[in-house]
Amino acid sequence: MSVGLSVDLLAQVPQLVISGFTRGCIYAIVAVGFSIIYNSTQVINFAQGEFVMIGAVVAAVLLSKTSLLVAFPTAVAAGCLAGAVVALFVLLPLKRASVVSLIIITIGTSIMFRGLAQLLWGEAAIPAPPFTGVVVQGYVEDREFHFLGAYIRAQELWVMGVTALLVVGMHIFFRRTILGQAMRACAINQLGARIVGINVRRMIMASFVMAAGLGAVAGVVVSPVFYAKCNMGTALGLGGFCAAVLGGLGNFAGGVAAGIILGIVESLTGGLLWSDYKDAVAFVILLVILLLRPEGVLRRRAEA
Amino acid sequence: MLKLQSVVTYYGRVLALKGVSLHVDHGEIVAIVGPNGAGKTTVLNTISGIVTSHSGKIVFDGVDVTGYPTEALVEMGLVQVPEGRQLFAEMTVYENLMLGAYRRSRAAKKSEVAVDLERVYSIFPILKERKTQLAGTLSGGEQQMLAIGRALMSKPKMLLLDEPSMGLAPLVTKSIFKVISDLRKEGTTVLLVEQNAKAALAIAKRAYVMETGRIVMEGSASELARNPEIQRAYLGMGYRQIMEQPRNA
Ligand SMILES: Nc1ncnc2c1ncn2[C@@H]1O[C@H](COP(=O)(O)OP(=O)(O)O)[C@@H](O)[C@H]1O
Ligand SMILES: [Mg+2]
């Protein structure tokens, strides 16, 4: 009897890995957002998860009225706008404040965004149709593919594909374009950056807008998978933060790998062990890292 | 080319420049010498907009540039090579040089920037050899060359050099100073801040002596080099001691 049960459980592993991978992609994007802002300001922006929420909620609301071609860019623009608001009205005017107080301010900002979303769109989860699918009785049904003993939804492939595109795009942006190089320069030596004529304030703005835009893209692609909800940003932000720290703050590749691993570990923990403690996984990992290796786990290897 | 009129600068409540007036003509090397803490770096930082002046006037190339942001001045051709070099240590030599051309990266043609890169490599061949190396791994002399090279990538009309000899062996200092006087011959105007007064006065045409936030003496470099007071304070002690001179000199 008990043997039968565990075989049953093991059969779920591929399915759990796939759904964990999908969630891990969102953590990965959020982790990259944390690193972009950390690199240009040394600030850990705890509003990062809310950018995902804004993208998801705006997209879900619009998708019930218009097409994806309108909803996607509008939702991303809303996210970018939120990022610009944080930079322009919160961080830049307070540039004399210590990094710790700035971080606390970003926590306040995140609560503000959540409250605002709740006010505008309510507390209920907003369903969003998948990007691609077949229309059944006026309702878009997602396609499913069979893959290594599990089902994978087309929307999950969208999440993974978009994540891969964003990560590669960010890498090219920071290594190959002069604007990306200038943003890196601000992080490495701010005085040096000013000396060569880089407008450091503008670069900080750009880093917030980019991190927020990335988060919003993640929110849009994931809204058909998770449902969009005004409080969804908290857990995604925490997972993304955990991934960013695990991968070494400021290290994109490390954060992406850690995000995907975290998503899978969470999903396996929830599915195989204790479903009630799934959300505690990120906390526990975070505590262990901060106790043992405050500089991050994947950092050394990634830089070598 | 550059003119400062009674420039006053504060750090918070601390008065760092107590009314500095000086001028640099086109094609000149002008030196500012003086002890540590005199305010030499503050003069350069005020000129390039890194710190803002409280009062006074700064004119560059016939334009009143008082209060201009650094990027606007870089675009006008006024570029600083800062104290401590301020390189991008975790970026390659090549990336550092390309960031020197940042203000031109949109307007200028790629081919123009490539020509300037070759020029920098011909002035400092070692940078070409090390172009894929991280800036932080270079020797002190190479880092100074990179800092000058990065500034040259913005096609400056005028360079503000802050202690280029700092921490360098005499022979390396000599080769850097040779490059500075060559640059002048090619038409670049130079304002050179140095604690190594001997080396500075040797290549400068005129010089200012600064102490505690004001200019206390000025004249032609050869005149100042012969002045007994200057000789006692800055030149008499020999090269190495000048480098380590305490601030109450
Ligand atoms: N960022 C700063 N904040 C406060 N005081 C400063 C700052 N930079 C320099 N000072 C002070 O201003 C004075 C002039 O410094 P500086 O211009 O660096 O002198 P120098 O370059 O001649 O050694 C010194 O007394 C120094 O302590
Ligand atoms: Mg100085």
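1. In this predicted model, the contact between the two chains draws on 19 residues from chain A and 21 residues from chain B. The area buried between chain A and chain B comes to about 1,800 Å², and carbon and sulfur atoms give 63% of that area.

2. As for polar interactions, seven residue pairs are counted in polar contact between chain A and chain B, with both residues of each pair at pLDDT 80 or more. One salt bridge is found across the interface, and the side chains that meet in a salt bridge are those of A:R184 and B:E95, at 3.6 Å from N to O.

3. On the side of chain A that touches chain B, the helices α7 (178-188) and α8 (190-195) of chain A each supply at least two residues. The most is given by α7(A), with seven residues. Sorted by class, this side of chain A has 11 nonpolar, five polar and three charged residues.

4. Because B:T41 lies in helix α1 (residues 40-47) of chain B, whereas B:E83 lies in the loop between β6 (78-81) and α3 (93-100) of chain B, the pair ties together parts that are 42 residues apart in sequence.

Terms used. Residues numbered from 1 in each chain as written. Chains lettered and ligands numbered in written order. Predicted model: local features only at pLDDT ≥ 70, side-chain atom pairs only at ≥ 80, totals over all residues. Heavy atoms only, no water. Helix = DSSP H or I, 4+ residues; strand = E, 2+ residues; numbered from the N terminus. Contact = heavy atoms within 4.5 Å. Buried area = accessible area lost by both parts, 1.4 Å probe. Salt bridge = Lys/Arg side-chain N within 4 Å of Asp/Glu carboxyl O. Polar contact = N/O pair within 3.5 Å; in protein donor to acceptor, adjacent residues only side chain to side chain. Nonpolar A, V, L, I, M, F, W, Y, C, P; charged D, E, K, R; others polar.
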